[in-house]
Amino acid sequence: MTAPAPANAMSVDVEDWFQVQAYAGTIRREDWEGLDRRVEANTDRILGLFERAGVTATFFTLGWVAERHPALIRRIVAAGHELASHGHGHELVREIGAARFRADIRRAKAVLEDAGGVPVRGYRAPTFSIGPRITPWAHAVLAEEGHDYSSSLFPVRHDLYGDEAAPRGPHRPDPSGVTELPMTTLRLGGRNLPCAGGGWFRLTPYAAFRTALRRVNQAERTPGIFYFHPWEIDPDQPEVPAARPLARFRHRVGLRRMEHRLERLLRDFRWDRMDRVFPDAIAGAATQLAAPQPAAA
């Protein structure tokens with residue numbers, strides 16, 4: 001008898017439309033406060049989608065968002081979802097350095113835990129901007145600041161992020177750091193193909209994406225990780241004509257069909273929170289980090 005396919009991890013990176021990396025060179029950070037905030041309404045729509053589908057997920061949330069929408073954070077937790085950190089200000093980790101990274105994740109964790117009333121164990125870097133080669137200190141800093149896992153590596157080749165040489169499964173980049181749960185890829189023809197959501201999901205024909213994720217589940221017997229953003233179900237968000245054509249394309253392609261695709265995806269696979277899909281990998285790192293150190297001779 002064939003064993004059932006594993007449950008996959010559903011995740012949402014909670015940020016607003018003007019905070020994305022595609023617009024980083026066009027929309028100034030100091031102008032964020034005066035822009036149309038749409039993240040709360042869009043995230044509430046996602047909560048409704050998940051409730052109708054009977055799905056619980058992990059919400060990697062910006063501290064910036066939590067400061068301005070604490071009631072939204074409470075609704076996420078009340079609905080049974082895992083609250084996790086996306087950092088505070090959506091800055092690329094590889095650019096801000098270890099000291100600012102520590103301050104950023106410490107601030108985000110405090111704000112999220114205060115709003116949600118639950119421990120924040122998980123972290124996802126903005127634009128997958130950490131890795132053993134570019135930020136060798138990051139996983140240890142995450143552990144020191146009280147996190148148990150990261151889901152920040154994308155083992156693909158991309159102009160903005162990714163490390164195709166990175167392991168495709170859960171691993172510990174630093175013995176003193178947290179577990180890394182990489183974004184899902186399909187190994188095909190000697191390459192890692194993205195199979196984790198975001199823009200790739202909006203671009204790829206749905207049937208092809210479904211086949212790829214099923215192959216990961218059935219042939220490799222491993223769970224996948226899917227991610228998307230609240231702005232991806234909001235085709236009526238403001239246009240940014242000053243952004244580069246490639247940035248505009250990456251941000252807006254497939255927005256009108258995204259919600260329908262999500263509904264199909266929620267029906268076609270089993271989904272759960274990150275901490276429930278990968279409990280052994282996360283607990284193993286947490287146990288090792290908590291173990292007492294041998295006394296010096």
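I take two rings of Phe, Tyr or Trp (for Trp, the six-membered ring) as a pair if their centres lie within 6.5 Å; planes under 30 degrees apart count as stacked, over 60 as edge-to-face and the rest as tilted.

**Conventions.** I worked on a predicted model, in which local features need pLDDT of at least 70 and side-chain atom pairs count only at pLDDT 80 or more, while totals for chains, interfaces and linings use all residues. Residues are numbered from 1 along each chain as its sequence is written, and side-chain values use heavy atoms, with hydrogens and water left out.

**Aromatic rings.** I looked up the ring pairs and found 18 in the structure. Pairs of this kind link Phe50, Phe59, Phe201, Tyr206, Phe209, Phe226, Phe228, Phe269 and Trp271 into a cluster. I then examined phenylalanine 18 and tryptophan 64: their ring centres are 5.9 Å apart and their planes stand at 80°, so I recorded the pair as edge-to-face. Phenylalanine 18 belongs to the loop between β1 and α1 and tryptophan 64 to helix α2, so this pair ties together parts 46 residues apart in sequence. Helices (H or I, at least four residues) and strands (E, at least two) are DSSP runs, numbered from the N terminus. Both phenylalanine 18 and tryptophan 64 are buried, where buried means under 20% relative accessible area, exposed over 50% and partly exposed in between (1.4 Å probe, protein chains only). The rings of phenylalanine 226 and phenylalanine 228 have centres 6.2 Å apart and planes at 50°, so I recorded that pair as tilted. Phenylalanine 226 is buried at a relative accessible area of 1%, and phenylalanine 228 is buried at 0%.

I also checked for charges over rings, the criterion being NZ of Lys or CZ of Arg within 6 Å of the ring centre and within 35 degrees of the ring normal. Arginine 68 lies over the face of tryptophan 64, at 3.8 Å from the ring centre. Arginine 214 lies over the face of phenylalanine 269, at 5.8 Å from the ring centre.

**Nonpolar cores.** A nonpolar core is a set of buried Ala, Val, Leu, Ile, Met, Phe, Trp, Tyr and Cys residues joined through side-chain atoms within 4.5 Å. The largest one has 44 residues, and Met10, Phe50, Phe59, Phe226, Phe228, Leu265 and Trp271 have the most contacts inside it. Among the elements that give two or more residues to this core are β1 (8–14), α1 (39–53), α7 (206–219) and β9 (225–228). Apart from it lies another core, of 16 residues, including Phe60, Leu181, Phe278 and Ile282. I listed the contacts (heavy atoms within 4.5 Å) of phenylalanine 50: not counting residues up to four places away in sequence, this residue touches Met10, Val12, Val55, Ala57, Phe59, His81, Phe228 and Leu266.

**Strands.** I counted two strands as paired if DSSP finds at least two bridges between them. β1 pairs with β2 in the parallel sense over four bridges, and serine 11 has threonine 58 in β2 as its bridge partner. β1 and β9 also pair in the parallel sense over four bridges, with alanine 9 opposite isoleucine 225 in β9. In a regular strand the side chains alternate between the two faces of the sheet. In β2 (residues 58–61), Thr58 and Phe60 on one side and Phe59 and Thr61 on the other are all buried. In β9, Ile225 and Tyr227 point one way and Phe226 and Phe228 the other, and all are buried.

Arginine 124 lies in the loop between β4 (122–123) and α5 (138–144) and counts as buried at 0% relative accessibility. Not counting residues up to four places away in sequence, arginine 124 touches several residues, among them Ser11, Asp13, Phe60, His86, Tyr227 and Met274. Histidine 229 lies in the loop between β9 and α8 and counts as buried at 10% relative accessibility. Leaving aside neighbours within four places in sequence, histidine 229 is in contact with Asp13 and Glu15.

**Helix α8.** The buried residues of α8 (residues 245–252) are Ala247, His251 and Arg252. They cover an arc of only 110° around the axis (taken from the directions from the helix axis to the C-beta atoms), which puts them on the same side of α8. What covers these buried residues includes α6 (198–203) and α9.
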